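Please walk through this protein with me, strand by strand and space by space. Keep the sequence and the coordinates open side by side.

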Amino acid sequence: MSTTAQPITFLKGHGTENDFVIIPDPEGRLELSAAEVARLCDRRAGIGADGLLRIVRSAAHPEARAMADAAEWFMDYRNSDGSIAEMCGNGVRVFAHCLERMALAKPGELAVATRAGVRRVTLGEDGSITVGMGRALLPGPGLTVTVDGRSRPARHVDMGNPHAVVFVDSLDEAGRLLEAPGVAPAEAVPNGTNVEFVVDRGPRHVALRVHERGSGETRSCGTGACAVMVAAARRDGLDPAADGETVTYTVDVPGGSLTITERADGEVEMTGPAVVVAEGIVDPSLLKGA
């Protein structure tokens, strides 16, 4: 069905100010082109968002059918430029919150299918949402990130999508982040990578700024916060899988704060808020000529 043929219902929400256009499409009938997604996410000519979340039944989406037995709902996530992304941690929280708001899920345990696999979500009675983000992978060797002609070593962390984590003395060293920092070697991240610049705030407490591939600098990045926590723990000599001790860090992002825990079995969990701020209908004319 053409997306321009009829009005599209949407919600607008955010997780620590990482914001999304959410489109319920349970039967997978909409076909949004990259240009149409970019138009919807445009902050001046569209609704405005860091990305778009489409709510689709796993059985109705070709990329998710194999996960349908494990998770009824698939999060079809697109960056603000329309490109496809594997995962979005803040997006999963917002996605789950929308399912609950629409009476498609109840407080408690929920499974969400993503391109990075099934993620387990706990919807708390207090409004908090915890997401099982899977195990972090640390591909080697390390990466080098370059901003304003200065190069720094970075830790390569994969949370279902790639991250380059750079520890700095000041977040100003990240520069303006309007364009993607240079990352080398390029063959280590052939599809690009998110880049996090990190400072210490206290014991097991860090803060970050992030450039998300396909979106630019965002107010928060859930998978990035998880990657940062793992990189900080390893830098601090902590490895729960080896030590048998669960470790928790507070990770501040420009839009708020997230609690990230790495368990002894290697599973990384993220806890934070999710908010819906509006809902409405997209005029079909918005997408004409996108």
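Predicted model: local features only at pLDDT ≥ 70, side-chain atom pairs only at ≥ 80, totals over all residues.

Start at strand β8, residues 143-147. In a regular strand the side chains alternate between the two faces of the sheet. β8 shows this pattern. Leu 143, Val 145 and Val 147 point to one face and are buried.

Now look at the partners of β8. Strand β9, residues 150-158, runs antiparallel to β8 and is joined to it by five bridges. Within this pair, Val 145 faces Arg 152 of β9. The two strands make a hairpin with two residues between them. Asp 148 sits in that turn, and its phi is positive, about 50°. Strand β11, residues 182-184, is also antiparallel to β8, with three bridges between them. Here Thr 146 is opposite Gly 182.

Next comes strand β7, which spans residues 129-135 and includes Ile 129. Ile 129 has 2% relative accessibility, so it counts as buried. What does Ile 129 touch beyond its neighbours within four places in sequence? Its contacts include Arg 93, His 97, Val 121, Thr 122 and Leu 123. They also include Met 270, Thr 271, Gly 272 and Ala 274. Asp 265 is another matter: it is 136 residues from Ile 129 along the chain, and their C-alpha atoms are 21 Å apart.

Strand β16, residues 256-262, holds Thr 261. Is Thr 261 buried or exposed? Its relative accessibility is 15%, under the 20% limit, so Thr 261 counts as buried. The side chain of Thr 261 makes a polar contact of 2.8 Å with the side chain of Thr 248. Leaving out residues up to four places away in sequence, Thr 261 touches Thr 246, Val 247 and Thr 248, along with Glu 267, Val 268 and Glu 269.

Turn to the backbone in the loops. Most residues other than glycine have a negative phi, and most peptide bonds are trans. Glu 17 has a positive phi, near 70°. It lies in the loop between β1 and β2. With a relative accessible area of 36%, Glu 17 is partly exposed. Ala 103 also has a positive phi, near 60°. Its loop links α2 (89-101) and β5 (108-114). Ala 103 is exposed, at 66% relative accessible area.

Two peptide bonds deserve a look. Gly 140 to Pro 141 is cis, with omega near -5°. Pro 141 belongs to the loop between β7 and β8. Ala 184 and Pro 185 are also joined by a cis bond, with omega about 0°. Pro 185 is in the loop between β11 and β12 (194-202).

Finish with the empty spaces. Rolling a probe the size of a water molecule over the atoms shows where empty space is left. The largest pocket holds about 160 Å³. It is lined by 12 residues, and the closest to its centre are Gln 6, Pro 24, Asp 25, Arg 29 and Leu 30. β1 (8-15) and β2 (18-24) each give at least two residues to this lining. The pocket lining has seven nonpolar, two polar and three charged residues.

How many cavities of 30 Å³ or more does the whole structure contain? The search finds one.

Key:
Residues numbered from 1 in each chain as written. Heavy atoms only, no water. 1 Å grid on protein atoms, 1.4 Å probe; cavity = no way out; pocket = protein on both sides within 12 Å on 5 of 7 lines; lining within 4 Å. Points joined across faces, edges and corners; volume = space filled by probe spheres on them. Helix = DSSP H or I, 4+ residues; strand = E, 2+ residues; numbered from the N terminus. Buried < 20%, exposed > 50% of the residue type's maximum accessible area, 1.4 Å probe, protein only. Contact = heavy atoms within 4.5 Å. Polar contact = N/O pair within 3.5 Å; in protein donor to acceptor, adjacent residues only side chain to side chain. Pairing = 2+ DSSP bridges. Nonpolar A, V, L, I, M, F, W, Y, C, P; charged D, E, K, R; others polar.
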